[in-house]
Amino acid sequence: MKIAVLTGAGVSAESGLGTFRDKDGLWTRYDLNEVATPEGFARNPALVHDFYNARRANCADATPNAAHMALAELATGPHEVTLITQNIDNLHTRAGSSDVIHMHGRLMRALCAACGARWDAPLVMSPHDHCPSCGATATRPDIVWFGEIPYDMDAISAAVATCDLFVAIGTSAEVYPAAGLVELAGGQTLEINLAPSARANAFDDHRFGPASEVVPAWVAELL
Ligand code: APR
C-alpha cells in the first residue's frame with residue numbers, strides 16, 4: 001500500500017511538548033497574532049524569538065515517544081510511506097524516520113528573510129544575529145507562520161492524492177491546508193486522535209485514544 005501519514009501536535013504531546021488548542025495549549029497562553037505571524041515578527045522580533053527559543057529548548061529536552069517510534073518502524077515494512085508533519089519539532093527524525101516533510105517548517109533551522117539562506121539554528125536566536133550567508137540581521141526561525149504558504153505542498157498533494165490510505169494523527173484539523181488534505185485523499189482515510197477532530201466526519205475510520213498506544217497497535221496490524 002501507499003500510505004500517507006499526516007501528524008500534528010498530538011503525536012508529540014506525550015513527549016511533553018504542548019499542543020496548541022487543547023486546555024492549557026500554547027494558543028491559550030500566547031497570542032498567535034503576536035508570535036506566529038510575519039506582522040507580529042515585524043512588530044516585535046525579540047518576543048517572537050523568545051517564544052521559539054523556549055520551544056527549541058523544550059524540543060531539545062524531549063525524547064520521541066512510542067508513536068514516533070512506531071511510525072519510523074512502519075517505513076521499514078512493505079508499504080510505501082510518506083510522512084508529513086505539521087510539527088516543527090524534530091522527534092520523527094530522532095525516532096528514525098527519514099525524508100520527513102515538515103510542512104510548517106523546523107524549529108532547529110534558521111532562515112534569512114533577506115537572502116533566503118537556511119542553516120542549523122543555534123539554541124538561542126536573537127534579532128541581532130547575522131545571516132552567515134549575506135550578513136543581514138534578518139534572521140528568523142524557519143517556521144511557516146499564519147498567512148504564509150506551507151512548504152512542499154506539491155509533493156504533499158501528490159502523495160495524498162495517490163495514496164491507498166491517508167492517516168491523520170493527533171491533529172485538531174483547525175488549520176488549512178493541512179485540514180483539507182483528507183478531501184484530496186485517493187484511498188481510505190483514518191483518523192487517530194484523542195477525540196474526534198473538527199473534520200472527523202470526513203474520515204472513513206477512526207481510532208480514538210493516546211497516540212502512544214493507538215499508533216503502535218495500528219502499525220503492528222499493518223506490519
Ligand atoms: N494522542 C493523540 N492525540 C492527542 C493527544 C495524544 N496524546 N494529545 C492531544 N491530542 C490531540 C488533540 O485532541 C487535538 O485534536 O491532538 C490535537 C492537537 O491539536 P492542535 O493543538 O490544534 O495541534 P495541530 O492540529 O497540530 O495544530 C495545527 O496549528 O498553530 C498551528 O502551526 C501550528 O502546526 C500547528 C497547526
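Buried residues have under 20% relative accessible area, exposed residues over 50%, and partly exposed residues a value in between (1.4 Å probe, protein chains only). The legends describe a predicted model, in which local features need pLDDT of at least 70 and side-chain atom pairs count only at pLDDT 80 or more, while totals for chains, interfaces and linings use all residues. Residues are numbered from 1 along each chain as its sequence is written, and side-chain values use heavy atoms, with hydrogens and water left out.

View 1. The side chain of Arg 21 places an N or O atom 2.8 Å from an oxygen atom of the ligand. His 104 has a polar side-chain atom 2.8 Å from a ligand oxygen. At Gly 170 a polar backbone atom is 3.3 Å from an oxygen atom of the ligand. Taken alone, the ligand exposes 730 Å², of which the protein buries 92% (Shrake-Rupley method with a 1.4 Å probe; for residues, only the protein chains shown count as cover).

View 2. Strands (E, at least two residues) and helices (H or I, at least four) are DSSP runs numbered from the N terminus, and two strands pair if DSSP finds at least two bridges between them. Strand E4 spans residues 105-112; six of its eight residues are buried, so the strand is largely enclosed by the rest of the structure. Five bridges pair E4 with strand E6 (residues 139-143) in the antiparallel sense, and Gly 105 stands opposite Ile 143. E4 also runs antiparallel to strand E5 (residues 118-120), with three bridges between them, and Leu 111 has Arg 118 as its bridge partner in E5. The hairpin of E4 and E5 has five residues between the strands, and Gly 116 takes a positive phi near 85 degrees.

View 3. The whole structure holds seven salt bridges (a side-chain nitrogen of Lys or Arg within 4 Å of a carboxyl oxygen of Asp or Glu). One of them joins Arg 109 and Asp 120, with N to O at 2.8 Å. Arg 109 lies in E4 and Asp 120 in E5, so the pair ties together parts 11 residues apart in sequence. Asp 120 is exposed, at 57% relative accessible area.

**View 4. Contacts of Arg 140.** Arg 140, found in strand E6, forms a salt bridge with Glu 148 at 2.9 Å, N to O. Arg 140 counts as buried at 9% relative accessibility, whereas Glu 148 is partly exposed at 26%. A polar side-chain atom of Arg 140 also lies 2.6 Å from the backbone oxygen of Ile 143.

**View 5. Salt bridge of Glu 34 and Arg 43.** The closest N and O atoms of this pair are 3.3 Å apart. Glu 34 is partly exposed, with a relative accessible area of 28%, and Arg 43 is exposed, with 52%.

Terms used:
A polar contact is a pair of N or O atoms within 3.5 Å; within protein, one must be able to donate a hydrogen and the other to accept it, and residues adjacent in sequence count only if both atoms are side-chain atoms.
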